[in-house]
Structures are given as C-alpha cells and as structure tokens.
Amino acid sequence: MTDTARPSEPRTSDAATIEKLVGPALVSRFHGLLRAARIYSPSNQTFQDQMWDLLRLVDQVMEGEVLLLAMGQCFYVNGVRIRADASQAAVFDALTVEFEQRKLGGVRFLEGLRSEELAVFLQLMLERPDGERAADLPAAAAAAGVVNVAAVTLAETESAGAETSAADEPPPQTERERTKQVFRQAVSGTRQAILHTARTGKPAMRRIKRVVQPIVDSVMKNEYSLIGLTAIKNHDEYTFAHCVNVSVLSVAMGHQLGLPRTTLANLGLAALLHDVGKLTVPPEVLGKPDQLSSEEWQLMERHPIEGVKIVARAPGLSTLSLDLLNVAFQHHLTEDGRGYPRLGRPCRLSAATRLVTVADCYDAMTAHRAYRSRPFTGYEALRLLLGPDRTRYDVAALWTLVRTVGLYPAGTLLMTNSGHLVISLSPNPEDMRRPFCRVLARPDGSMPPDAHPETWDPMPKDMTVSRVVSPEEFDGEIDRLIAA
C-alpha cells in the first residue's frame, strides 16, 4: 500500500490488537500529522517520519480500506471501538474537534494510498477549517487526483453506526438472541462489503470472510433459528439481506450434506457474492416494477459475466477462487443449457452452484415483488420447486433444501389436530413434521399475550398438522412474529 522505501508490518484484523495497540496509535498519529502539516512542508523530515508511521499503521489493519470514525467520545477503527487512556485523552478530544469543526465524521484510507496523495489530502483538509468550506472537500480532492483517502461525511457516520455499535451489544443469553445478533451483524457487514466492492471494483475478501465465519459457526452448532430468520422479508435492506439469506441457506444445506468446515466457509463466501455482478446494472433496471425491455434484459443477463470480472480481481488462485467464479457465472444456468448467460449447449454445474442456485431461487420466490400481491410463503415456494419447476434444479440439492428448511418453513401458519393455530419459527432436524412454533391462538380462542409468548420447542409429539393456513386467513404481521 505504501511506498516501498520502508518495510511494512504484518497485517491483522484481530479486534483486540486493533483496540489496544494499532487503533490508539493510529488516532494519535493522524492527529499529530495534522499538527505537523500546519507547521512543516511535506518534504520536511519530521513531517515525513510522522507520515510513514501513519501509513505503516494503516497498512497493518488494511482490508481493502481502513475506516477511522469519530463517534461520541470514542473513535472506531474498522468497527472496533477505541478508548483513550488518561495520557491520550487530550489528543482524542483535539482530533474530535478537528472533525466536528468541519462537520465530518472521520476519514477513509483505501488500498494503494501513497505518501504524496495523503499529503495533498491533509493540506486540502487544513485549508477548509469549517463545515461550510469543508463541504467541497470531496470535489477538491477528486480534482487534485486524490482517490485513495477521503473524508467521511456525518451521514456516512450515521449509516456506519449500526455496525460499529454491534460490539457494544449486551451478550446474547439464548440461542435465538445469538442468531438474531449474528444475522443483524451479517447484514450490516454485507452492506459495508458490497458498498466497498462497488467503490473499488474488488471484493473485500477479509471483510466478507468476517461476515461468513459466524454464520458457519452458528450452523455447525445446529442453531436452527438462524435458518428461520431468513424468512423475514420486510427488511429495510433486503438487497443485502438476500445475500445473507442465500449464504445462510447454502451453508446449512452444505452442513446437511456433511461438508467440512473449510468447504462450508468457501460455500458461504460464494453464496454471499453470487449476485455481485448486479453492481454493474443500473438501479432503475434492478428495481423496475414493470416488464424489462430487451435492452434492459441484456444488461440483466450480463450480470453473471460482470460478477466473474469482479471476483477475478480478488488476489491469488485457490479452490475458493474457483467456487467464487463458478457460482458467479453459473447461478442462472441449468445443466441442459437454459438460463443465462446464453451458452447454447449443456453446462456441467459445480457442486457449489447447485446448492447456491436452489437457495437463491427459494429466497427470491419468497421475497416481495411488485407484480405479486404478496410474496410466496416458504411452504408455497417449496411446492413450486418440488413440482412444476423441479426439472430446472438438481434433485439432491432440492431434497437438501427440504431437509434444511423443513416441510413447514419458518413463517408457515399451521392448524393442529388439537385446534391450535401456530406459526413455524424454525425447522426441527429430528422431525420435519414438527417444527419449532409459536402459539397464536388456543382451541378455546384465547391468545397468548405478546409480552409472554407461548412457544413449542418443538411441536409436541402427540400433535400433528391438520392443515396449512393461508396468510389471507390470518390478520397479523408474519414478519414481526418471526423476528420477535
């Protein structure tokens, strides 16, 4: 990342190392460099020494980018909270004031940053000491050719707040609390990783791996409530939640097949990035509620090819790379040559692609669409995949999906032989016919209060499902019940 005249330190993403060592030093050094830039020219040795120290620290925690944010009385480096000890309090306060005066939230360092570029950015920042003048800092930096260091606006700081505050959440006490925390952090981390990819054109592999590892951990602990959370569709950030859903389902399907941990992690990464090529499709085409024109379809059908181009920019070549390339290119193809990109011949799909394709289609079918009054339920989606659409998919992958989400996927409304109305929350690996449920109404018509929900973990053995209840028969918010 930096000039080659000085050696760099080994890189680390370890939160404890960032919190105790690199983070405090980075905050102090950036403040010291701002002070030095006020006094010395960029060629001055004192300025150069401080510059090299800062670049060395940035290089240690570089994961495609390093994000230094000022939030409240603390700083965050790549989402890790940095607290000042007594000797650093004055420095932390002074740097906070520097950002506040300019109405900035922090600074972003990108891979490829060099000393000359950072010196220009610092000078531009110092020439704009207040919020009014600092408003044109991004434009001035771009005009000066500064691309690998950027000021972070207050709006960006607020959007990053959810991710940085994750470390401050109280420890979860139950499996369901744990999986909800894993899911929230996965969506937040995916948002940051995808936005980084859109900005740089290269996948942020270290950040994406940090998203996937807790998913693999949760699945390998048989925490099936994580699978149930993929049924929540009324999500503020469904674009990113869809990536997480497909990753969760794919990893869980791989676990059903007995795949080893490393293979599950690679599968989860490939699933998370399966649609990365859509970054090249205009948002108005992706979100168009009407039928696409032929020109728009051509753009859409190119996204697997564009995905391969983006994934290919990840460093190195490995089994993981091949999984990423295969899934990005093949996830809209069938083995008889249908789908896109149009090949005009049969195509042998990779094992990872077969699993991700089924997970992708299942999640997409259960999502909100402008041309449907409501999304398919998981139960309805399974019936379609196992019925009219089954010839498009690998039969083993379809059966593995059923084993993963159960006969009555999360969100399915069920009437039991006892007269209870319940909603499925997550699958029961011991018996697909008896999911984990929440009771919505008892046989006498009474309903458990929201403050004290009645759950079955799982449905009792002496009960059976008498029928599946249509959402039209139920006056309630299914997403809210799943998320509770």
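**Close-up views: charged pairs and nonpolar cores**

Welcome to this predicted model, which holds 27 salt bridges (a salt bridge is a side-chain nitrogen of Lys or Arg within 4 Å of a carboxyl oxygen of Asp or Glu). Because the model is predicted, local features need pLDDT of at least 70 and side-chain atom pairs count only at pLDDT 80 or more, while totals for chains, interfaces and linings use all residues. Residues are numbered from 1 along each chain as its sequence is written, and side-chain values use heavy atoms, with hydrogens and water left out.

**View 1. R102 and E98 pair in a salt bridge.** Side chains of opposite charge can pair when their charged atoms come close. Here the N to O distance is 2.8 Å. R102 counts as buried, at 2% relative accessibility, and E98 counts as buried too, at 9%. (Buried means under 20% relative accessible area, exposed over 50%, and partly exposed in between, with a 1.4 Å probe and protein chains only.)

**View 2. D130 meets R133 in a salt bridge.** The closest N and O atoms of D130 and R133 are 2.6 Å apart. D130 is partly exposed at 23% relative accessibility, and R133 is partly exposed at 45%.

**View 3. D217 and R261 form a salt bridge.** Their closest N and O atoms are 2.3 Å apart. D217 lies in helix α9 (residues 205-220) and R261 in helix α12 (residues 261-272), so the pair ties together parts that are 44 residues apart in sequence. Helices here are DSSP runs of H or I with at least four residues, numbered from the N terminus. Both partners count as partly exposed: D217 has 29% relative accessibility, and R261 has a relative accessible area of 36%.

**View 4. I215 sits in the largest nonpolar core.** A nonpolar core is a set of buried Ala, Val, Leu, Ile, Met, Phe, Trp, Tyr and Cys residues joined through side-chain atoms within 4.5 Å. Leaving aside residues up to four places away in sequence, I215 touches V182, A186, L226, V244, S247, V248 and V251, where contact means heavy atoms within 4.5 Å.

**View 5. Another core lies apart from the largest one.** This other core has 45 residues, among them A37, V61, M62 and F75.

Terms used: Helices (H or I, at least four residues) and strands (E, at least two) are DSSP runs, numbered from the N terminus.
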